[in-house]
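Colleague: I am new to this structure and would like to learn how to read it feature by feature. Could you take me through it slowly, giving the general idea before each case?

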Amino acid sequence: MAQRSVWRGAISFGLIYVPIEMFSASREHALNLHFLDSRDFAPVGYERINKVTGKSVDWQHIVKGYEYEKGQYVALSDADFKSANVKASETIDISSFTNAADISPAYYHAPYYLLPSKGGEKVYALLSQALKATGRVAVATFVMRGRQHLCVVTPAADSLMLVTLRFADELIPAVKNSREGPKSAAPKPAELAMARKLVEEMSGAWKPQAFHDTYREDLMRRIRDKISKKQTHQLASEPKKTARSKAEVVNIMDALKKSLTLKGKQGMRRAAPKTAQERKRA
């Protein structure tokens, strides 16, 4: 089934317009859980209730409103959102180009793919190749779903990707570290050298495919187990809490040495040559 675009418009920089369509580049794998009444396991629905009359409200009667004073609202229609800034709602307006490394990871939010609309293939390719050649990303703004977004446009394989960014005032200032502890808590040179060695031992290429949602998988195994045992209407008791390991490591050097030894053994197992019998089977 073809994916539907979530936004249509154009990328604008200088006097250049690139007509594009935007598609989501991520998906959620959260379990689709429902609220149930524990007494009879009947679904508990989500009701849209009028807070004055207490009656349910149909979607056709629901509008968006801004509360300018307590209990006083200004109603906004789809036309209001579209006419607030026509250019902003139809254009990904590039304001500058910058190095991706200059943008803190804290600003990044959600990724989208940008594909050229009919007739925009050439200028689309031009922008993509220009970004690759200069090693830059484009910083831009656009409006989607009733709000303006800051974003970067960057090359991604054979297409362009848009990643929304948080505005500076949406980030909470860094919390000052007030737990530095006494001078004795400062790492010793030998400990730092050992820690750096462990970091080097554990370093490798970024392989996103190696990571997956193990918590969701464990929950699904538990769900399938309940179904197979016909425990579909049975609540499990809380598991016994296990003692958590203490945050403080008494001997840091011992822990670092054991970690390096463990990594070394794992590496040897991976790199161990095959026996004659194993080679014969292969």
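**Reading the strands, cores and helices**

Modeller: Strands (E, at least two residues) and helices (H or I, at least four residues) are DSSP runs, numbered from the N terminus, and two strands pair if DSSP finds at least two bridges between them. Residues are numbered from 1 along each chain as its sequence is written. This is a predicted model, in which local features need pLDDT of at least 70 and side-chain atom pairs count only at pLDDT 80 or more, while totals for chains, interfaces and linings use all residues, and side-chain values use heavy atoms, with hydrogens and water left out.

Colleague: How many helices and strands does the protein have, and in which order do the strands of the barrel run?

Modeller: There are 7 helices and 9 strands in the protein. A closed barrel is formed by 7 strands in the order 1-2-6-9-8-7-5, and its pairing is mixed. On average, neighbouring strands of this sheet are turned by 40° against each other, direction ignored, where axes are lines fitted to C-alpha atoms, for helices over the stretch in contact, and angles run from 0 to 180 degrees between N-to-C directions.

Colleague: Which pairs show the parallel sense, and which the antiparallel sense?

Modeller: Strand 1 and strand 5 are paired in the parallel sense over 3 bridges, and Ile11 has Ile92 of strand 5 as its bridge partner. Strand 2 and strand 6, by contrast, are antiparallel over 5 bridges, with Phe23 standing opposite Tyr113 in strand 6. Strand 6 and strand 9 also run antiparallel, and 5 bridges join them.

Colleague: How should I read a nonpolar core, and which residues have the most contacts inside the largest one?

Modeller: In soluble globular proteins, nonpolar side chains tend to be buried together. A nonpolar core is a set of buried Ala, Val, Leu, Ile, Met, Phe, Trp, Tyr and Cys residues joined through side-chain atoms within 4.5 Å; buried means under 20% relative accessible area, exposed over 50%, and partly exposed in between (1.4 Å probe, protein chains only). The largest such core here has 22 residues, and Ile11, Ile92, Leu114 and Leu162 have the most contacts inside it. At least two residues of this core come from each of several elements, including strand 1 (7-13), strand 5 (91-98), helix 3 (121-134) and strand 9 (159-165). Strand 7 gives the most, with 4 residues. A second, separate core of 8 residues includes Ile103, Val137, Val139 and Val152.

Colleague: With which residues is Leu162 in contact?

Modeller: Contact means heavy atoms within 4.5 Å. Leaving aside neighbours within four places in sequence, Leu162 touches a set of residues that includes Met22, Ile92, Leu114, Phe142 and Val152.

Colleague: Where does helix 3 lie, and which of its residues are buried?

Modeller: Helix 3 lies across strand 1, strand 2, strand 5, strand 6, strand 7, strand 8 and strand 9, and runs at about 85° to strand 2. An α-helix has 3.6 residues a turn, so residues three or four places apart point the same way. In helix 3 the residues Tyr124, Leu127, Ser128 and Leu131 are buried. Seen down the axis, the buried residues of helix 3 fall within an arc of 95°, so they line one face of the helix; the arc is that of the directions from the helix axis to the C-beta atoms. The face turned away from this buried side carries the exposed residues Lys122, Leu126, Gln129 and Ala133. Just after helix 3, Gly135 takes a positive phi of about 70°.

Colleague: Which residues of helix 4 are buried, and which are exposed on the other side?

Modeller: In helix 4 (residues 189-201), Glu191, Met194 and Leu198 are buried. These buried residues of helix 4 fall within an arc of 65° when seen down its axis, so they line one face of the helix. On the other side of helix 4, the exposed residues are Pro189, Arg196, Val199 and Glu200.

Colleague: Is Thr154 buried or exposed, and is Pro43 buried or exposed?

Modeller: Thr154, which is found in strand 8 (residues 147-156), counts as buried because its relative accessibility is 18%. Pro43, placed in the loop between strand 2 (16-24) and strand 3 (64-69), counts as exposed because its relative accessibility is 68%.

Notes:
Expected span 1.5 Å × (residues − 1).
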